[in-house]
Amino acid sequence: MAVQRFATTADRQERVTKRVWDAFELEQKGRLAFERRLREKAIARDSIAALPSSDKPQWICQVCGWIYDETVGDPDSGIAPGTRFEDIPDDWMCPECLVTKDDFVLLSV
C-alpha cells in the first residue's frame, strides 16, 4: 500500500518492491545463520562437559564459548603455553569474538 502511494510510477513501484524483497531475503538469511550459530554453540557447550579436565585452570568466554586453557595458551595472540590467565595482558581479546578478559569465567580447576 505504501509502495503504491509513494512510488508514483510502475517502474518505481517495481524497484521498491524488489528492494523490499531483497531486504526480506537478507534478513531471513541472517536469521538462519544466527540460529545455526546458536545450535553450534549449544553443541559445543554440551561437548565441553565431556572433555577431560586439564591439570591447569580453563577459562570460558561467556559470549562465544571459546576456552582458554593455560596448558595450551594462545600462541596466535603471543600467549605462550603455561601462561596463567591472570598473567595475560588486560588488553588481550578473545580470538573468536574479540571481547576482553572481563567476559571470561573460570570453567575448571
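Entry 1: I started at Q58, which lies in strand 1, residues 58-61. I kept in mind that this is a predicted model. Next I looked up the partner of strand 1 and found strand 2, residues 67-69, paired with strand 1 in the antiparallel sense over 3 bridges. The two strands form a hairpin with 5 residues between them, and G65 in the turn has a positive phi of about 90 degrees.

**Entry 2: Q58 itself.** Is Q58 buried or exposed? I noted a relative accessible area of 11%, and the cut-off for buried is under 20%, so Q58 counts as buried. Q58 stands opposite D69 in strand 2, and the side chains of Q58 and D69 make a polar contact at 3.1 Å.

**Entry 3: the two faces of strand 1.** I checked which way the side chains go: Q58 and I60 point one way, W59 and C61 the other, and all are buried. Both W59 and C61 belong to the largest nonpolar core, which has 12 residues.

**Entry 4: the rings.** How many aromatic pairs does the structure hold? I found 10. For W66 and Y68, the ring centres are 6.4 Å apart and the planes are at 45 degrees, so I wrote this pair down as tilted. W66 also forms a tilted pair with W92, at 6.1 Å centre to centre and 45 degrees between the planes. W66 and W92 are 26 residues apart, so this pair links distant parts of the chain. Both W66 and W92 are buried.

**Entry 5: one last look.** I found the charged end of K101 over the ring of F85, 5.3 Å from its centre.

Key:
Residues are numbered from 1 along each chain as its sequence is written. This is a predicted model: local features need pLDDT of at least 70, side-chain atom pairs count only at pLDDT 80 or more; totals for chains, interfaces and linings use all residues. Side-chain values use heavy atoms; hydrogens and water are left out. Helices (H or I, at least four residues) and strands (E, at least two) are DSSP runs, numbered from the N terminus. Buried means under 20% relative accessible area, exposed over 50%, partly exposed in between (1.4 Å probe, protein chains only). A polar contact is a pair of N or O atoms within 3.5 Å; within protein, one must be able to donate a hydrogen and the other to accept it, and residues adjacent in sequence count only if both atoms are side-chain atoms. A nonpolar core is a set of buried Ala, Val, Leu, Ile, Met, Phe, Trp, Tyr and Cys residues joined through side-chain atoms within 4.5 Å. Two strands pair if DSSP finds at least two bridges between them. Rings of Phe, Tyr and Trp (its six-membered ring) pair if their centres lie within 6.5 Å; planes under 30 degrees apart count as stacked, over 60 as edge-to-face and the rest as tilted. A charge sits over a ring if NZ of Lys or CZ of Arg is within 6 Å of the ring centre and within 35 degrees of the ring normal.
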